[in-house]
Amino acid sequence: MPPPTPTQIARLTDTLRRTVRAGEVVTSGPGYDAGRSTWNGAVSSRPGVIVRCTDPAEVRTAVIAAQENGVPLTVRGGGHDWAGRSLSDGGLTIDLSGMRSVTVDPVAEIAHVSGGATAADLATAAQPFGLTAATGSAGAVGMVGLTLGGGYGPLSGRFGLALDNLLSADVVLADGSIVTVDSDREPDLFWALRGGGGNFGVVTSMRVRLHRVPTLLSGIVLFPWEQLATVLAGFSDVLLESPDELTVQSGVLPGPDGKPAFFLSPTWSGDDTQAGERAPARLDSLGTALASQVTATTTPEMLAGIDAQFPFGRHVQIRQRSVPSLTSGVCDALDIAGSTLTSPYSAVSVHSFHGAATRVPVEETAFGIRTPHLMIEIIALWDPDDSRAAEHRAWADKVSGAFGPDALSGGYPNLLGPDEAAQIAHAYGPNAARLLALKRRFDPHHVFRAIPLPDPA
């Protein structure tokens, strides 16, 4: 679709201002600036118009108006997609950030989550009832976007991915119809949403399964860089032997002295607190830790810790690789990552995919891989005024290349950039053909563009 003309934008804006009653329609000013702000401060896209919707009817109005005026459409939830796909230059952005309500049914252990709610919103609403949810690691991430694309997190071993806990969704389709989908109603669309991202419509709300976890233990064990090889050797056994209740995130980050350090971040969600307390002791024994703090916590507290480490506004480039295990090549790549760090904010985060998440048949959802693996985020992060931006980007690319020989052919669509065609082609595994067929069925004119889909060719 060619870039819209000023006349198209003016006509669209006029239509929206006449038909959107409670929401806000802006082309400049503070509301506009808030609507185009994203976690990655390097994203500079300027939509032609932003409509901050308050209900599904307003979303429907915006979806139809964009098509009638020939203007490309994007959807902004939490604004956390590093590649900035929630915005497009000159287009229409539907901003759901005002729709953040979360309602908890503590008896049924289900939450009703509005389209703009974040992981922190959900976790905070569930906490007073002694319940928690399968979220990602950061609280500021939009819960809908995280869920539709997958949702690796600290509870994945016990409760599966975020998408495995999706019970139903309310969706505005390209033709303007508003449908509720679940395993019985529009099951094909429900299948596609669980892994295919926001490429099929605008999810204005969803219902997710909650879980009762009496005690949650989490924290971090930090090791000096010189002990990397020793710690990794023992950590391989931990990964192989971890029960569902123990999920350990690991990786590379700058230590307190500015030198690289290797971290292990265990989360225990089991009912046996004593077993949970033994887990960090085993991790401590892998080396001589610089620091070790694993305590009882809550999901909101865990999410807030990651948000503090990765705040909005810094510039970001992410590369992503998935590997079957901690092979010697993967260990070497981690060594390269830490030894060549260029920014005091950059990091490598390794997520363990194991337990309950692996027991969902791969054909049950659109998510493309269900075998045990490690999902690796290579996060280059720097201040907006840092003159070494090119070096930081080059570091991310170099580290990604180092993991390449041991990596699986695909990747995690929620983190893949638009330029990573080779990984995108394999990211949905055996589900790609069905997913593309459903894209043609539900959105034949490609109104919705979210996380990357394989090239149909």
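**Helix pairs and cores in a predicted model**

Let's start with two helices. Helix H1 (residues 6–19) and helix H3 (residues 56–68) have axes that come within 10 Å and cross at roughly 155°. Axes here are lines fitted to C-alpha atoms, for helices over the stretch in contact, with angles from 0 to 180 degrees between N-to-C directions. Helices (H or I, at least four residues) and strands (E, at least two) are DSSP runs, numbered from the N terminus.

A word on the source. This is a predicted model, where local features need pLDDT of at least 70 and side-chain atom pairs count only at pLDDT 80 or more, while totals for chains, interfaces and linings use all residues. Residues are numbered from 1 along each chain as its sequence is written, and side-chain values use heavy atoms, with hydrogens and water left out.

Back to the pair. H1 and H3 are therefore roughly antiparallel to each other; the cut-off for that is over 145 degrees, with under 35 roughly parallel, 65 to 115 roughly perpendicular and the rest oblique. Which residues meet? From H1 come Leu12, Thr15, Leu16 and Thr19, and from H3 come Thr61, Ala62, Ala65 and Ala66. Contact means heavy atoms within 4.5 Å. By type, this contact has five nonpolar residues, three polar and no charged.

Next pair. The axes of H7 and helix H14 (residues 432–442) come within 10 Å and cross at roughly 115°. H7 supplies Asp188, Leu189, Trp191, Ala192 and Gly196; H14 supplies Arg434, Leu435, Leu438, Arg441 and Phe442.

Now the cores. A nonpolar core is a set of buried Ala, Val, Leu, Ile, Met, Phe, Trp, Tyr and Cys residues joined through side-chain atoms within 4.5 Å. Buried means under 20% relative accessible area, with a 1.4 Å probe and protein chains only. The largest core has 66 residues, and Val113, Leu122, Leu193 and Met206 touch the most other members. Helix H7 (residues 187–196) gives this core its largest share, five residues. What does Leu193 touch, leaving out residues up to four places away in sequence? Leu148, Ala169, Val171, Val181, Phe200 and Val203. A second, separate core has 40 residues, including Trp225, Leu246, Val323 and Leu326.

Last stop, Pro260. Pro260 sits in strand E14 (residues 260–268). Not counting residues up to four places away in sequence, Pro260 touches Trp225, Leu253, Pro254, Gly255, Gly338 and Leu341. Between the C-alpha atoms of Pro260 and Gly31 there are 40 Å, and along the chain these two are 229 residues apart.

Notes. Buried < 20%, exposed > 50% of the residue type's maximum accessible area, 1.4 Å probe, protein only. Nonpolar A, V, L, I, M, F, W, Y, C, P; charged D, E, K, R; others polar.
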